[in-house]
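Subject: Structure handover and notes

Hello,

Here is the structure you asked to look at. My notes on it follow below.

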Amino acid sequence: MTYSFQPGCPILVTLGWVLLTAALPALAQQPIGTVITENASVSGLVTVSNQKATIANQGSITAATNRTAELTLTRGGSVKVCSTSSVHVSQASAANPPLLLALDRGALEASFPATAADTLMTPDLRFQVTGTGLLDLRLRVTPNGDTCVDNRSRPETPPLHVTNPFGPEGYFIKPGQHLLFVGGSMTKVIDTETTNCGCPAPQPAPVAVQVADGKPLTPSQAAAEHPFPEAQAAGLAPGPEVPQAPPGEVHTQVTTAFTVDGNAPKPAPKPEPAAAQPASAPPSAKPEAEPKRNAFQSIGHFFRRIFGGK
């Protein structure tokens, strides 16, 4: 490289300008952050070293089953990707670039110093940060589109402006609000939501269980014995596998139709069976009928009582 200097121009100033110009691209190319690869699969513009993936300007993170992957941001803070969830992250090539997070399905927990240009997206909604401050957000999207948002209140937490890419609706989520967009729609909003929008509670440590031969279970066996029910209920972990029938084995299948006729007469109640008597008790005898008296016997009896006769 050849440098030409004008008379009277200090060489030190020119050399400093060259060094500053060479350093600007390096400052603009700061990575988004790093992820431990043990808990996730990472793709995109990524470099991996010592089980740590460094994401440059864009990448995708998919958390492992029953694991939470954490993206440590270069700007400070972190983004937790919950079990089996996938998050796409990108930023522009500029100084202090805005951050873009996209969640297809599942859940995330974002906690970092936000700027007014940071954006979070789901398949149905777009969340735009409207100011600067510490963002502490829990976000979950179910397979049917229900979007749970918990914008936790922290010092100087900025509001979120929610829009629909396919409609004119808009909605502001204030700090401290916890709500649910039913089916991802802004016309059906539940502002009294109480369910957890973030990652499920950590799985408890497996209890020591002995197998038939007296040996303790391996971690995989213990995980099978003690599944992750909360993650399964939230759609963040697969359910138990249904055993498949051996090939060639014939199973009986019955198909029928059930009909209900509301106008059909009710069946007559069945008569109650008579109470059984003890075997030792003799059958009860009928009382003997008193002999009937005719009219003449009654009159004679009346006069005998009057005159003292018998």
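Is the link of cysteine 148 and cysteine 197 left-handed or right-handed about the S-S bond? The link is left-handed, with -50° about the S-S bond. Please keep in mind that this is a predicted model.

Disulfides

Searching the whole structure turns up two disulfides.

Cysteine 148 and cysteine 197 are both buried.

The other disulfide is formed by cysteine 82 and cysteine 199, whose sulfur atoms are 2.0 Å apart. The torsion about the S-S bond of this pair is about -85°, so the disulfide of cysteine 82 and cysteine 199 is left-handed. Cysteine 82 and cysteine 199 are buried.

If the bonded cysteines of the chain are numbered in sequence order, the pairing reads 1-4, 2-3.

Strand β8 and its partners

Strand β8 (residues 106-114) is mostly covered, with seven of its nine residues buried. Which strands pair with β8? One is β5, which pairs with β8 in the antiparallel sense over four bridges. Within that pairing, valine 81 has leucine 108 of β8 as its bridge partner. Another is strand β11 (residues 133-141), which pairs with β8 in the antiparallel sense over nine bridges. There, serine 111 stands opposite aspartate 136 in β11.

Threonine 119

Threonine 119 is in strand β9 (residues 119-121). Is threonine 119 buried or exposed? Its relative accessibility is 5%, so threonine 119 counts as buried; the cut-off for buried is under 20%. The threonine 119 side chain reaches the backbone oxygen of alanine 117 at 3.4 Å. With neighbours within four places in sequence set aside, the residues in contact with threonine 119 are Leu99, Leu100, Leu101, Arg126, Phe127 and Gln128.

In general, most residues other than glycine have a negative phi. Asparagine 50 is not a glycine, yet has a positive phi of about 55°. Glutamine 51 is not a glycine either, and has a positive phi of about 60°.

Where do these residues lie? Asparagine 50 is in the loop between β2 (40-49) and β3 (52-63), and glutamine 51 also lies in the loop between β2 and β3. Asparagine 50 has 75% relative accessibility and therefore counts as exposed. Glutamine 51 has 53% relative accessibility, so glutamine 51 counts as exposed too; the cut-off for exposed is over 50%.

Regards

Notes. Residues numbered from 1 in each chain as written. Predicted model: local features only at pLDDT ≥ 70, side-chain atom pairs only at ≥ 80, totals over all residues. Heavy atoms only, no water. Disulfide = S-S within 2.5 Å. Buried < 20%, exposed > 50% of the residue type's maximum accessible area, 1.4 Å probe, protein only. Helix = DSSP H or I, 4+ residues; strand = E, 2+ residues; numbered from the N terminus. Polar contact = N/O pair within 3.5 Å; in protein donor to acceptor, adjacent residues only side chain to side chain. Contact = heavy atoms within 4.5 Å. Pairing = 2+ DSSP bridges.
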